[in-house]
Every structure is written in C-alpha cells, then in structure tokens.
Amino acid sequence: MALSCSKTRNPFTGVEANAVGVKLEKLCKSFDDTEVLKGVSFEVEPGEIFVLMGPSGSGKSVLLRHIAGLELPNSGKVTVDGKDPSLEATRDAVRIALVFQAGALFNSLSVYDNLALYPREHRSGNDKDIDRKVMHALQILSVEDAAKKFPSELSGGMKKRVSIARALVMEPQLLLYDEPTSELDPVMGATISEIIATLKNEYSVTSLVVTHDRSLALTISNRVGILMDGELISLGTPADLTKSKDPRIVDFLNPKIDIEHPRFKKLETKEAAK
Amino acid sequence: MKQVTRILEGVGSVVQLMMRSLSYTATLPAQGARFIEQCYLIGYTTLPIVAILSFFIGTVLALEAGYAMQDFGAKEFIGSLVGLSMARELGPMMTSVLLAGRVGSAIAAELASMKVYQEIDALTTMNISPAKILVLPRLAAVLVMMPVLIIIANIVGWFGGSVVARYVSYVGIGPEAYFAALRHYTKFKDVINGMEKAEVFGFVVVLVCCDIGLNTKGGPREIGAAVTRAVVVSLILILVLDYFVTKILL
C-alpha cells in the first residue's frame with residue numbers, strides 16, 4: 001500500500017504534518033476471567049481508512065480504547081507513530097482524537113464551548129483563531145446553527161456530527177471512530193460515511209473506524225479487519241472480504257434469518273400455549 | 001484483609017489525585033472563571049443553610065447550658081460556652097458536615113456522571129487532565145470559601161445563643177453580659193484554630209468526593225452508589241480527623 005509517506009493536512013491552516021500509523025502486536029486483554037482480546041496483531045498505514053468489523057461483544061471498542069490510550073493491555077503492545085498512546089508525552093506529541101459511540105459531549109458546555117475546550121486548554125491561538133477554527137469545524141459538519149445549543153438539545157445525528165467536529169478541532173493525526181453510524185437512520189448514516197471519507201481525502205487523516213455497518217465498511221475503507229471473539233479472523237481490502245469463502249465471514253456479512261430454526265419454533269409453541 | 005487493601009488503595013488514589021492536582025497550581029490564574037464558579041457553588045449556595053444551622057446550634061447550646069448552669073449560678077458564663085463551642089468545634093464541624101452533604105454529594109454525582117458517560121475519557125484523549133480542570137479549581141475554592149463560611153457560622157451561632165439567653169425566662173442574660181463573657185473567654189486564637197480545622201475538613205471532603213466520582217465504574221446506577229459512598233466516607237473522615245487535628249492544635 002502506497003500510503004506510508006502520507007501527510008495529514010491541517011483543515012484550518014492547510015499545513016502538512018506526518019500522518020501517523022498504528023501497530024498492534026499480540027494484544028491481549030482480560031476483564032476478570034473474561035478474555036476480550038486474544039493476541040490481536042495488525043498495522044494501520046498512515047493516511048488510510050481502516051475499518052474494524054465484528055459482532056457485538058467481539059472486543060472492537062476495547063481495542064479502540066487501547067489505541068486511544070484509555071486501556072492498558074495485559075500483554076502485547078500498541079504503538080501510535082512508534083509510541084505508547086497511554087503516555088501523556090505521546091498524546092502531547094501525536095494528536096489522537098476519538099469519536100465516542102454516544103458522543104461523550106460535555107453536557108455542561110454549549111456546542112461551541114465543547115469544540116473550543118481543546119484549543120483553549122492547549123493555547124492554540126488567540127480567541128479569534130479559536131473562534132475561526134470552531135466555526136469552520138462546525139461548518140464542515142453542517143452544524144454551525146447548533147453552536148449555542150447544549151448537547152441535551154441535539155438529536156442523535158447532530159451529537160455524532162458535533163462529536164466529529166470536536167475531534168476535527170484537535171487537528172488530529174489519527175482519528176478513531178467508535179460506531180459512528182449506530183443509532184442513525186440510513187440517510188444520516190450515509191452522511192457520516194461521506195464525512196469520514198471526505199476527512200480522509202481532504203486532510204489525509206489516518207482513520208480507524210469500528211462499525212457494524214457493512215455499507216460503510218465496504219464503500220469507504222482501504223482495508224477491513226474482522227474481529228470475532230477477540231481474534232482477528234480476516235484482514236484485507238473490501239474486495240477481498242466480499243470474495244471470502246470463510247463461512248464465519250459469509251454469515252456475518254450476509255446474515256440470513258432462518259424461520260425454521262428451532263429457536264423460532266420454540267417461540268411459536270409458547271405463543272400457541274398462551 | 002480485602003477491606004484493608006481497599007482502604008489502602010483508596011488512600012493511595014486520593015494522595016495521587018492530590019499530588020496531580022497540586023502539580024497544576026501554576027495554571028490556576030488561567031482558570032479564573034472555573035474558580036469563581038466553584039466559589040459560588042461552594043460558598044454562596046451553601047451560605048443560607050450554614051446560617052440557619054448555625055443559628056439553631058447557638059440557640060440549643062444556650063438553652064442546654066442555661067438549664068444546666070442555673071442550678072449553680074453560673075448563667076453569666078453562657079456566652080463563653082457558646083462562643084468557645086462554636087468557634088473551636090461546632091462551627092467548623094457542622095459546616096464541614098453540611099459541605100459533605102450539599103457540596104460533596106454534588107461533586108461526586110457530577111464527576112461520576114462524567115465518568116459513566118465517557119466525558120472523562122474524552123478529556124483524557126484531548127490530553128486535558130481532569131485533575132487540572134475539575135479538581136484543582138474546587139480545591140482552591142474550598143480553601144478560600146471555608147474561612148468565610150466559618151466566620152458567618154460563628155457570628156450567626158453566637159447571635160442565636162444571645163437571643164435565647166435574652167428571651168428564655170430561666171436563662172435571662174442580657175446581650176451585654178452575654179457578649180462580654182463571650183469576648184472575655186473566646187480568644188482570636190480559638191477562632192483561627194476553628195478555621196484551620198475547617199480548612200483541613202473542607203479540603204479532605206472535596207478531594208475524597210472528587211476521587212470517588214472520578215473512579216466510578218459501571219453504569220448510571222453506580223452514580224447513586226458513588227454519591228452515597230462519598231458522603232459516608234466524608235462524614236467518617238471529618239469525625240476521625242477532628243480528633244487528630246484538635247489534638248495537634250491544643
């Protein structure tokens with residue numbers, strides 16, 4: 001893949017910076033007696049969109065939290081641009097933004113202040129610069145009208161977009177998305193997919209997307225990984241994935257509802273008994 | 001053994017949070033708005049309830065003291081008893097108890113909710129320390145506001161005692177005699193000692209409530225559990241620390 005020399009372009013200044021890569025080596029994580037990640041290894045090239053799919057409870061979000069530096073592995077290693085993301089020094093050197101599944105917007109702050117918090121705390125520019133950045137990010141995501149609103153006044157789709165805008169204000173080198181299209185209608189889901197693709201095309205930000213959304217994975221990603229029961233069972237381009245003969249992947253991508261399945265029969269019997 | 005380990009872990013966590021927060025002290029001038037907001041929440045909104053409570057503590061003290069002292073003709077010392085009790089012990093302790101119940105619970109609930117709804121994680125990914133923007137302004141505000149609350153608690157408590165001393169028939173001490181005794185036996189050092197106690201209690205209450213809130217794990221149900229734990233631990237610590245701080249100050 002010819003992405004290793006990719007540069008991210010700052011959405012506000014146009015200045016280029018090195019896009020960063022992510023490397024996971026035999027990552028293992030357990031919570032009490034439950035093994036969530038079982039030796040996961042893969043690399044994300046600088047500037048690519050890497051989509052991680054898998055059924056619920058397969059460990060995708062936990063893996064993402066490791067890359068964001070919010071969890072420490074039991075064994076194995078995660079590096080972002082060759083550095084440990086859980087260290088404050090790494091987060092100083094490499095800008096990693098995470099778009100949380102539920103948005104994780106600061107409820108006590110307005111949308112504007114949610115976006116302005118990062119540049120204010122890190123003193124990136126004066127008030128005028130910060131205002132320009134915040135409004136530009138809101139415009140990119142088409143939520144500039146919500147600037148004065150509070151998160152509780154926003155719909156689910158707007159929260160997601162504000163959350164992405166907040167990540168964008170950080171001028172990230174690595175952008176992590178946790179289920180960006182969950183709880184959204186198909187139109188809004190497609191809009192978010194377009195936004196992710198645009199951010200990659202316009203600014204070359206390295207993007208790692210955790211999702212269940214098959215169309216998002218197959219349309220905008222450079223590569224797709226499938227995580228099942230804490231193990232990476234497939235890694236390749238969207239084309240490789242659709243050609244896969246592995247029954248687990250075929251079943252996951254093309255789920256069929258078998259109404260003759262015994263569990264449906266059980267339900268029918270219960271209904272009849274009632 | 002498990003309980004001892006948990007207590008030691010808790011102490012370690014609180015000490016770590018204190019060190020982390022204090023390491024950002026130099027950033028406090030840039031956090032003026034947050035500091036003032038916390039001063040308002042800790043000081044201004046707590047003031048009415050502190051005043052009401054202190055007034056009635058003063059009245060009860062005067063009532064009980066008047067009843068006990070009337071038998072051996074020592075009613076003129078009621079002012080000194082109320083003055084010293086309020087300044088040295090009841091003012092700081094009851095204000096701290098109120099702080100734990102009103103402010104401590106609110107802090108624990110807010111931070112626990114931020115933890116449960118991933119706002120703390122969002123701050124971490126932004127490389128903004130929660131200790132810097134959530135804990136430090138609260139610690140600074142409590143250190144500034146506690147002496148103010150104590151002064152008001154003392155004055156209102158003393159006044160409450162004087163009302164009872166004047167108007168309850170079996171006490172019947174005029175305000176001049178009451179305040180003369182209070183002034184004679186209550187030294188400036190006693191008031192300062194009370195403030196020092198209150199500073200320690202207030203600092204510990206806010207720190208512990210912040211720590212419990214920030215370490216909340218699980219779903220929304222845990223927010224309620226964190227609030228209960230924060231208030232109970234704060235009250236126990238106030239009473240335990242009261243003994244040791246009093247011993248040091250005496």
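Select A:Ser142 first: this residue lies in the loop between α4 and α5 of chain A.

**Stop 1: A:Ser142**

A:Ser142 comes after α4(A) and has a positive phi, near 55°. The residue has this positive phi although it is not a glycine. Is A:Ser142 buried, exposed or partly exposed? It counts as partly exposed, because 13 C-beta neighbours lie inside 10 Å, and a residue is called exposed at 12 or fewer and buried at 20 or more.

**Stop 2: helix α4 of chain A**

Next, select residues 127–140 of chain A, which form helix α4.

Now colour A:Ile130, A:Lys133, A:Val134, A:Ala137, A:Leu138 and A:Ile140, which are the buried residues of α4(A). Look down the axis of the helix: the buried residues of α4(A) fall within an arc of 160°, and therefore they line one face. On the other side of α4(A), select A:Lys128, A:Arg132 and A:Gln139, which are exposed. To find what covers the buried residues, display α3 (111–121) and α5 (156–169) of chain A, both of which are included in that cover.

**Stop 3: A:Glu171**

Continue to A:Glu171, in the loop between α5 and β8 (174–178) of chain A. A:Glu171 is another residue other than glycine with a positive phi, in this case near 50°. Is A:Glu171 buried or exposed? A:Glu171 is buried, because 23 other C-beta atoms lie within 10 Å.

**Stop 4: the largest nonpolar core**

In soluble globular proteins, nonpolar side chains tend to be buried together. The largest nonpolar core of this model has 143 residues, and those that touch the most other members are A:Ala165, A:Leu176 and B:Cys210. The element that gives the most to this core is helix α6 (residues 130–167) of chain B, with 17 residues.

Select A:Leu176 and display its contacts. Leaving aside residues up to four places away in sequence, A:Leu176 touches A:Leu64, A:Ile67, A:Ala68, A:Ile96, A:Ala97, A:Leu98, A:Val99 and A:Leu208.

**Stop 5**

Chain B has nine helices and zero strands. Its C-alpha atoms fill a box of roughly 70 × 45 × 30 Å along the principal axes. Of the 250 residues in chain B, 45% are buried. Among the contacts in chain B with a separation of 6 or more, 87% join residues 24 or more positions apart.

Bring chain A back and select the contact between the chains, to which chain B gives 10 residues and chain A gives 15. The side of chain B that touches chain A consists of four nonpolar, four polar and two charged residues.

**Stop 5: confidence in chain A**

Finally, colour chain A by pLDDT. The average for chain A is 85, and 89% of the residues score at least 70. Where in chain A is confidence lowest, and where is it highest? The lowest is strand β1 (residues 7–9), with a mean of 60, and the highest is α3(A), at 94. Over residues 1–5 of chain A, pLDDT stays under 50. Where pLDDT is low, the predicted coordinates should not be read in detail.

Definitions and conventions: Residues are numbered from 1 along each chain as its sequence is written. Chains are lettered from A and ligands numbered from 1 in the order in which they are written. This is a predicted model: local features need pLDDT of at least 70, side-chain atom pairs count only at pLDDT 80 or more; totals for chains, interfaces and linings use all residues. Two residues are in contact if their C-beta atoms, placed from the backbone, lie within 7 Å. Ala, Val, Leu, Ile, Met, Phe, Trp, Tyr, Cys and Pro count as nonpolar, Asp, Glu, Lys and Arg as charged, and the others, Gly among them, as polar. Helices (H or I, at least four residues) and strands (E, at least two) are DSSP runs, numbered from the N terminus. The expected span of a helix is 1.5 Å times one less than its number of residues. The arc is that of the directions from the helix axis to the C-beta atoms. A nonpolar core is a set of buried Ala, Val, Leu, Ile, Met, Phe, Trp, Tyr and Cys residues joined through C-beta atoms within 7 Å. pLDDT is the predictor's confidence in each residue, from 0 to 100.
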